[in-house]
Each structure stands twice: as C-alpha cells, then as structure tokens.
Amino acid sequence: QVQLVESGGGLVQPGGSLRLSCAASGSIFRIYVMAWYRQAPGKQRELVAGITNGGSTNYADSVKGRFTISRDNAESTVYLQMNGLKPEDTAVYYCNTQPVALFTWGQGTQVTVSS
C-alpha cells in the first residue's frame with residue numbers, strides 16, 4: 001500500500017508563494033497520473049492539478065497561470081509551486097492519483113492565505 005505524505009503548507013499573505021511536496025512510498029509511484037487536490041472548509045474536495053508520468057499537465061481553471069505541478073519519479077515525489085496566492089486558495093491540500101484516488105489519503109497540508 002502506497003503512503004502519501006504532504007508538506008510545505010503554511011500561512012502566507014495574498015500574492016505570496018508556497019511550494020508543496022508530496023512524498024509517496026514505493027517505486028510503483030512512477031506509473032500513475034498524480035494530482036493535487038484541495039478541500040476548503042465546508043466544501044467538497046476538488047482537483048487542482050494533475051501530471052502524467054510523462055509530464056503532461058492539467059489544471060483547474062481557477063489556478064491556471066499561477067500554479068505549476070511537477071514530479072520527480074526517481075524520488076517518488078510530486079510538487080505544487082503556487083504563486084500569486086489568493087485568499088480563496090485557502091484549503092487543506094492533498095495529493096493522490098487521478099482521475100480516481102486510488103491510494104489512502106494522507107493527512108494533507110494546510111495552506112492559509114491571509115493578510
């Protein structure tokens with residue numbers, strides 16, 4: 001069973017940047033399409049960005065041009081560079097496979113955008 005550990009969240013002012021990391025146990029990571037999801041209080045979990053094992057990416061319209069997803073298959077890690085953060089980006093961020101979350105969800109990492 002693959003375990004996912006997210007990190008890199010924090011409190012940042014509007015317009016600021018953060019880089020999230022998701023480390024996955026096991027070399028099987030490299031065959032999957034990986035994605036970042038987020039869940040804000042009182043809202044459903046939503047897809048933020050995804051990346052294939054070949055590096056093709058997809059983004060939610062709300063983050064296009066501001067967020068960049070990448071992955072390091074050798075390190076079994078997927079990243080999310082977030083620039084131009086807005087208060088509406090405040091959420092707990094998780095990683096998992098796409099389009100279906102096949103792995104047990106990790107604990108996530110909290111991102112709070114506030115002045």
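Which residues touch the most other members in the largest nonpolar core? In this predicted model, residues are numbered from 1 along each chain as its sequence is written, local features require pLDDT of at least 70, side-chain atom pairs count only at pLDDT 80 or more, and totals for chains, interfaces and linings use all residues. Side-chain values rest on heavy atoms, with hydrogens and water left out.

The largest nonpolar core holds 27 residues, and those that touch the most other members are Trp36, Val78, Leu80, Met82 and Tyr93. Such a core is a set of buried Ala, Val, Leu, Ile, Met, Phe, Trp, Tyr and Cys residues joined through side-chain atoms within 4.5 Å; buried denotes under 20% relative accessible area, exposed over 50%, and partly exposed the range in between (1.4 Å probe, protein chains only). Two or more residues of this core are given by each of strand S3 (18-24), S4, S5, S7, S8, S9 and strand S10 (109-113). The largest share, four residues, comes from S3. Strands here are DSSP runs (E, at least two residues), numbered from the N terminus. Val78 is in contact (heavy atoms within 4.5 Å) with Leu20, Ser21, Cys22, Phe29, Met34, Trp36, Ile51, Ile69, Ser70, Arg71 and Cys95, its neighbours within four places in sequence being left aside.

One disulfide is counted, the criterion being a pair of cysteine sulfur atoms within 2.5 Å. The bond joins Cys22 to Cys95, with an S to S distance of 1.7 Å.

Strand pairing requires at least two bridges found by DSSP between two strands. S7 and strand S8 (residues 77-82) run antiparallel and are joined by six bridges, with Ile69 opposite Leu80 in S8.

Strand S4 (residues 34-39) has five of its six residues buried and is therefore largely enclosed by the rest of the structure. Five bridges connect S4 to strand S5 (residues 46-51) in an antiparallel arrangement, in which Tyr37 stands opposite Leu47. The hairpin of S4 and S5 has six residues between the strands, and Gly42 there takes a positive phi near 75 degrees. S4 also pairs with strand S9 (residues 91-97), in the antiparallel sense over six bridges; Trp36 stands opposite Cys95 in S9.

Gln39 lies in S4 and counts as partly exposed because its relative accessibility is 28%. When residues up to four places away in sequence are not counted, Gln39 touches Gln44, Arg45, Ala91, Val92 and Tyr94. A polar atom of the Gln39 side chain lies 3.1 Å from the backbone oxygen of Lys43. The C-alpha atoms of Gln39 and Phe67 are separated by 16 Å, the two residues being 28 apart along the chain.

Terms used
Polar contact = N/O pair within 3.5 Å; in protein donor to acceptor, adjacent residues only side chain to side chain.
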